[in-house]
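Hi everyone, thanks for coming.

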Amino acid sequence: MNRLLPRLLLAPAVTTLFLWMIVPLGMSIYFSLIRFNLLQPDQHGFAGLENFEYFVTDPSFSVAVLNTLLLLGSVILITVLLGVLIALLIDEPFPGRGIVRVLLISPFFVMPTVNALLWKHMMMNPIYGVLAQVWQFFGAQPVDWLTEHPLFSVIVMVSWQWLPFATLIFVTSLQSMNREQLEAARMDGANYLQQLRYLYLPHLARSVAVVVMIELIFLLSVFAEIFTTTGGGPGDASTNVAFLIFKQALLNFDAGVASAGALFAVVLANIAAAFLIRLVGKNLDK
Amino acid sequence: MARSRLTPTLMARTVLAWAVALLLFFPLAFLFLTAFKTELQAIAVPPELIFSPTLESFREVHTRSDYLLFAKNSVITSVVSTLLGLLIAVPAAYSMAFFRGPRTKDILMWMLSTKMMPAVGALVPVYVLAQYSGLLDTKLALIILFMLSNLPIMVWMLYSHFKDIPPEILEAARMDGANLWQEFRRVLLPLGMGGMASTGLLCLVLSWNEAFWSLNLSSAKAGTLATLIASYSSPEGLFWAKLSAASLLAIAPIVVFGWFSQKQLVQGLTFGAVK
């Protein structure tokens, strides 16, 4: 076997991904340094760091960064916590477990735009929505979720989508637990809390790392849920960095400022990636 | 497994598990029922649970927006991008799993790190490139972008599956004089089928549901179902029956598909880290 072949087989993937990384990055760096408005394509003066200054001093910017982190943190927290609880609940056989599994995984396959509209119109509508009716049934004042708690609403939608994923990963992981060890612990009179603390949770640590990694990859760029429901508003209340860049690029047509923002997002993602790859890389080695 | 007796704990666990599952599934059940109602029944307070189902909304969705065109776009973009991705990812994963070099691990990590770049970081360059090359609102642009954004995950999943195949089997085939194609066809394909299937399935789901690039780069001509549904945002959103019918048509194929392949999908997504 010659040594060239493995490299030859690897080349297409590496080349494509390298181009996919370097071309947009290079163009973003170039655009971010010039004046580049899509409506005035002939004005291409050198702008220096003006675009960066504009993007970073925009009052929306710090709100968007904060919202991105809040969205990311809340969804990961909610899905991991509830996911572990549900996984523990359905770990051992009970009547209809197969159907419960199918019901639980379903939201994961729903496309984000459907998810968003389903919640926006049918669940959260302040007059006809299901939640409003439940609130009314208990004699409470219905809440206009998307206006009063826009970021929270987005968090609910995204969590609903990702909870099934976390749950099923945890269920899969629990199935590989050492049952004899568990039996032995029970024989020795370990109560459920002790079993949880010394057996279940340590066993789940690795799958928690996996869930956090994958969710981080996908949630840094939550877009469709915001685009179809709140449009980032009211004001900037539910704008994340991804949506802010989109607004600059395709609503304000300012590609220069959007590119400066994109570079910022890339730096943000890289910080997260560096941190995470260390964490998960160690876990995957074992 | 022996059938466990219906102890009080088991009863409580069963009831609780079913309650949680039904609660989380409720929005989808509601969507499903509403799709078969008339607009008036749809917003009735309290919601009607028993009604005579009608296909009126489906008919209206079909005549108003060319559902079949969007569905066709969804099928083509997700299937072609998945196949294209497999074509590039399988050789790469094979090479890294069976010819490990000192830098294999670094390459894998680097590939994953490209997935961490948020898509929006590439929005302006991709938009400009698509505009200049005339690829705006074409299926080709979506196919390429779906493939690119799934490629790192595909390589990772395939790599972690191939790594579980004993390399001795491939070596033995090589010793017997099998060339690369025979090795692939006779050994890797049968042994790695499960891995390739679950990778392909996951990418199909991800591409079908992809919304960022389809919303930004496509509209009337190449729009996928995700784009079609987004157009129901408002004020059509108040027509629940129509919204539900359109949504149901958009998600039903992939949800049913997902039900049948859920075990493989989840196992694949753990990158082999969770057995």
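Okay, let's begin with chain A, where buried residues make up 45% of the 286 residues. Keep in mind that what you're looking at is a predicted model.

Now, what does the UniProt record say? The entry is unreviewed, and it places "domain: ABC transmembrane type-1" at residues 65–276 of chain A. In the model that stretch is 75% helix and 0% strand, and its end C-alpha atoms are 19 Å apart. The unreviewed entry also lists "transmembrane region" at several places in chain A, including residues 9–31, 102–119 and 151–171. Let's check two of those against the model. Residues 9–31 of chain A are 100% helix, with 34 Å between the end C-alpha atoms. Residues 102–119 of chain A are 67% helix and 0% strand, and there the ends lie 21 Å apart.

Let me zoom in on one helix, helix 8 of chain A, residues 150–175. It has 26 residues and reaches 38 Å from its first C-alpha to its last, close to the 38 Å expected at 1.5 Å a residue. Where does helix 8 of chain A have a kink? At Trp162(A), shortly before the proline Pro164(A), and the kink is about 35 degrees. Helix 8 of chain A is also mostly covered, with 22 of its 26 residues buried.

On to chain B. Here we have 12 helices and 0 strands, and buried residues make up 47% of its 275 residues. Its C-alpha trace spans about 70 × 70 × 30 Å along the principal axes. For contacts in chain B between residues at least 6 apart in sequence, 77% join residues at least 24 apart.

UniProt, again in an unreviewed entry, lists "transmembrane region" for chain B at residues 75–95, 107–128, 140–159, 187–208 and 239–260. Take residues 140–159 of chain B: that span is 100% helix, and its end C-alpha atoms lie 27 Å apart. Residues 239–260 of chain B come out at 95% helix and 0% strand, with 32 Å between the end C-alpha atoms.

So how do the two chains meet? The contact takes 84 residues from chain B and 80 residues from chain A. Which helix of chain B gives the most to the side that touches chain A? That's helix 1, residues 8–35, with 16 residues. By class, the side of chain B that touches chain A has 64 nonpolar, 16 polar and 4 charged residues.

Next, the largest nonpolar core, which has 162 residues. The members that touch the most others are Phe223(A), Ile245(A), Ala89(B), Ala93(B) and Val155(B). Helix 7 of chain B, residues 139–162, gives the most to this core, with 17 residues. If you click on Ala93(B), you'll see that it touches Val155(B), Leu158(B), Tyr159(B) and Phe162(B), leaving aside residues up to four places away in sequence.

Let's stay with helix 7 of chain B, because Leu142(B) lies in it. Is Leu142(B) buried or exposed? It counts as buried, because it has 29 C-beta neighbours inside 10 Å, and the cut-off for buried is 20 or more. Among the residues that Leu142(B) touches are Thr77(B), Trp213(B), Leu217(B) and Thr224(B). Leu142(B) and Leu215(B) are 73 residues apart along the chain, yet their C-alpha atoms are separated by 10 Å.

One last stop: Asp137(B), in the loop between helix 6 and helix 7 of chain B. Asp137(B) has a positive phi of about 60 degrees although it is not a glycine. And why does Asp137(B) count as partly exposed? Because it has 16 other C-beta atoms within 10 Å, and that falls between the cut-offs, 12 or fewer for exposed and 20 or more for buried.

Technical notes: Residues are numbered from 1 along each chain as its sequence is written. Chains are lettered from A and ligands numbered from 1 in the order in which they are written. This is a predicted model: local features need pLDDT of at least 70, side-chain atom pairs count only at pLDDT 80 or more; totals for chains, interfaces and linings use all residues. UniProt positions are given in the numbering used here, feature names are shortened, and annotations may be inferred rather than shown by experiment. Helices (H or I, at least four residues) and strands (E, at least two) are DSSP runs, numbered from the N terminus. Two residues are in contact if their C-beta atoms, placed from the backbone, lie within 7 Å. Ala, Val, Leu, Ile, Met, Phe, Trp, Tyr, Cys and Pro count as nonpolar, Asp, Glu, Lys and Arg as charged, and the others, Gly among them, as polar. A nonpolar core is a set of buried Ala, Val, Leu, Ile, Met, Phe, Trp, Tyr and Cys residues joined through C-beta atoms within 7 Å. The expected span of a helix is 1.5 Å times one less than its number of residues. The bend at a residue is the angle between axes fitted to the seven residues ending there and the seven starting there.
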